[in-house]
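Thanks for making the time this morning.

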Amino acid sequence: MSGDSGQVSVAPPPGEVEPGSGVRIVVEYCEPCGFEATYLELASAVKEEYPGIEIESRLGGTGAFEIEINGQLVFSKLENGGFPYEKDLIEAIRRASNGEPLEKITNSRPPCIIL
């Protein structure tokens, strides 16, 4: 066995752009509301799909979970009342990385309710 550690490089070949590079996401969320876990889960899913993407988090006001892609608001929990589905955010990122126009994400999953 040679010195191969079994790890696979995920870097794109020279001349190719890593998927998601050039796309910048800002997620503003309410930390006292307990939304950090949702942010981390969403950020992890996005990074898995688009390793080259830039994701920034900011603390927001009460009830906030707002997502901007390249400076454009694409999701607002304050407007929709829930959280975005990962697939919808991934699709918005795909559109942004292809230079397509972005649309607001209107589907949302309800926040957890403890009875």
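**Cavity, pocket, core and disulfide**

The largest cavity has a volume of about 50 Å³, where a cavity is a set of points, on a 1 Å grid over the protein atoms alone, at which a 1.4 Å probe fits but cannot get out, and where a volume is the space filled by probe spheres set on the points, the points being joined across faces, edges and corners. Please keep in mind that this is a predicted model, in which local features need pLDDT of at least 70 and side-chain atom pairs count only at pLDDT 80 or more, while totals for chains, interfaces and linings use all residues. Residues are numbered from 1 along each chain as its sequence is written, and side-chain values use heavy atoms, with hydrogens and water left out.

By this rule there is 1 cavity of 30 Å³ or more. Its lining consists of Ile25, Val27, Tyr39, Leu42, Ala43, Val46, Ile55 and Leu89, lining residues being those with an atom within 4 Å of a point. Two or more of these residues come from each of strand E1 (24-29) and helix H1 (36-49), helices (H or I, at least four residues) and strands (E, at least two) being DSSP runs numbered from the N terminus. Helix H1 gives the most to that lining, with 4 residues. By class, the lining divides into 8 nonpolar, no polar and no charged residues, if we count Ala, Val, Leu, Ile, Met, Phe, Trp, Tyr, Cys and Pro as nonpolar, Asp, Glu, Lys and Arg as charged, and the others, Gly among them, as polar.

The largest pocket, by contrast, has a volume of about 150 Å³, a pocket being an open set with protein on both sides within 12 Å along at least five of seven lines. Its lining includes Asp88, Glu91, Arg95, Leu102 and Lys104, and by class that lining has 3 nonpolar, 2 polar and 5 charged residues.

Which residues touch the most other members of the largest nonpolar core? Of its 25 residues, they are Ile25, Phe65, Ile67, Ile69, Leu89 and Ile93, where a nonpolar core is a set of buried Ala, Val, Leu, Ile, Met, Phe, Trp, Tyr and Cys residues joined through side-chain atoms within 4.5 Å. Strand E1, helix H1, strand E3 (65-69), strand E4 and helix H3 (86-97) each supply at least two residues of this core, with H3 giving the most, 5 residues.

Leaving aside neighbours within four places in sequence, Ile69 is in contact (heavy atoms within 4.5 Å) with residues including Ile25, Val74, Leu89, Ile93 and Leu102. Val74, in turn, lies in strand E4 (residues 72-76), and at 0% relative accessibility Val74 counts as buried, buried meaning under 20% relative accessible area, exposed over 50% and partly exposed in between, with a 1.4 Å probe and protein chains only.

Finally, the structure holds 1 disulfide, that is, a pair of cysteine sulfur atoms within 2.5 Å. The disulfide joins Cys30 to Cys33, with an S to S distance of 2.1 Å, and the link is right-handed, with 70° about the S-S bond. Cys30 is buried, with a relative accessible area of 2%, whereas Cys33, at 31%, is partly exposed.
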